[in-house]
Amino acid sequence: MRPIDDAPVTRDGKVLVLAYDHGIEHGPVDFDPQPESANPEHVFEVATHPAVTSLAVGKGVAEAYYPSYEDDVSLLAKLNGTSNLWMGEPDSAVNCSVEYAAEELGAESIGFTVYPGTNCEVEMFEEFREVQEKAREYGLPVVMWSYARGQGVKNDTKDDVIAYAARLGLELGADVAKVKYPGSREAMERVNRMAGPTKVIMSGGSKKNDREFLENVKSVIDAGGAGLAVGRNVWQRENPRRILDALEKVIYEEASVDEALQAAPAKA
Ligand SMILES: O=P(O)(O)OC[C@H]1O[C@](O)(COP(=O)(O)O)[C@@H](O)[C@@H]1O
């Protein structure tokens, strides 16, 4: 049984995960462009925007801040993560269980990173199996951060590699596969086909200008993708709610990029 369609973590079948696990994955450097983004409370406030279907954070941030927001934000518990200080083959430490996420944190969905192609792939696939099966017991949808990288991967932005990463989401039982943007609408259509019923969402990436960012999102939606998981392109902006207004138009209202930009003008 796939729990995604009825779950409160989608809106009209679409997905906008606000990602905020960067304190683990990248460290303080990501917060420097907008210092207030280092304060989880600021990002929880941003996550109350109606365009956001869930907020992805690790266990510690969830424990400290989610109790004040559980009525207004849907928690996606990110169960594994590794710091940028780690210099080994890509891997990710499991630092929270599905049981803890569901029973203690109040999570409504689960996030888990898998690096296909790493020398740690066997262990990561096995860890994902445990998480996926336990999440099924709790009826929680699973979002797989599917990032091909490691010694087996020559080019992690190649469309073929991204299509493979999305396919692995289907093969391993993810409800949603989060992949890098493959560069064009055509490439994204193939990525979607490979994933079957697994919803595919694009990873936001480093901060871009409004138009370039929204055009990438628009091509994902036009290609049949479900949406995106985005961190820096929202909370590294001075006015995160403005870009969320524009994303709301593009993702849920089939607006063009021009329409979305007009509805959320820079000097509103
Ligand atoms: O491993 P990478 O590519 O450096 O980025 C990982 C980060 O990107 C995300 O997947 C998405 O966030 P961004 O939109 O800021 O790229 C985060 O969840 C994660 O912390």
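**Notes on the salt bridges and overall fold**

1. Let's start with a contact: Glu248 and Arg11 pair through their side chains in a salt bridge, at 2.7 Å from N to O. Glu248 sits in helix H10 (residues 240–252), while Arg11 belongs to the segment before strand S1 (15–19), so this pair ties together parts that are 237 residues apart in sequence. Keep in mind that this is a predicted model.

2. Glu248 has 15% relative accessibility and counts as buried, since the cut-off for buried is under 20%. Arg11 has a relative accessible area of 25% and is partly exposed.

3. Next up is Asp210, which makes a salt bridge with Arg237; their closest N and O atoms are 2.8 Å apart. Asp210 is in helix H8 (residues 210–222) and Arg237 is in the loop between helix H9 (232–235) and H10, so the bridge links parts 27 residues apart in sequence. Both Asp210 and Arg237 are buried.

4. Helix H8 also holds Arg211. Arg211 forms a salt bridge with Asp258, with 2.7 Å between the closest N and O atoms. Asp258 lies in helix H11 (residues 257–263), so here the pair ties together parts that are 47 residues apart in sequence. Both ends are partly exposed: Arg211 has a relative accessible area of 36%, and Asp258 comes in at 41% relative accessibility.

5. There is a network to look at too: Asp21, Glu25 and Lys78 are joined by salt bridges that share partners. Searching the whole structure turns up 15 salt bridges.

6. For the charge bookkeeping, the protein chain carries 28 positive and 45 negative side chains. The centres of those two sets lie 6 Å apart.

7. Now the fold as a whole. The protein chain has 11 helices and 10 strands. Its radius of gyration is 17 Å, close to the 18 Å that the globule rule gives for 268 residues, so the chain is as compact as a globular protein of that length. The C-alpha trace spans about 50 × 40 × 40 Å along its principal axes.

8. What share of the contacts with a separation of 6 or more comes from residues 24 or more positions apart? In the protein chain, such residues account for 71% of them.

9. Last, burial and surface. Of the 268 residues, 54% count as buried. The accessible surface of the protein chain is about 11700 Å², and carbon and sulfur atoms make up 46% of that area.

Definitions and conventions: Residues numbered from 1 in each chain as written. Predicted model: local features only at pLDDT ≥ 70, side-chain atom pairs only at ≥ 80, totals over all residues. Heavy atoms only, no water. Helix = DSSP H or I, 4+ residues; strand = E, 2+ residues; numbered from the N terminus. Rg over C-alpha atoms; globule rule 2.2 N^0.38 Å. Buried < 20%, exposed > 50% of the residue type's maximum accessible area, 1.4 Å probe, protein only. Contact = heavy atoms within 4.5 Å. Areas by Shrake-Rupley, 256 points an atom, 1.4 Å probe, with all protein chains shown as cover. Lys, Arg positive; Asp, Glu negative; His and termini not counted. Charge placed at Lys NZ, Arg CZ, Asp CG, Glu CD. Salt bridge = Lys/Arg side-chain N within 4 Å of Asp/Glu carboxyl O.
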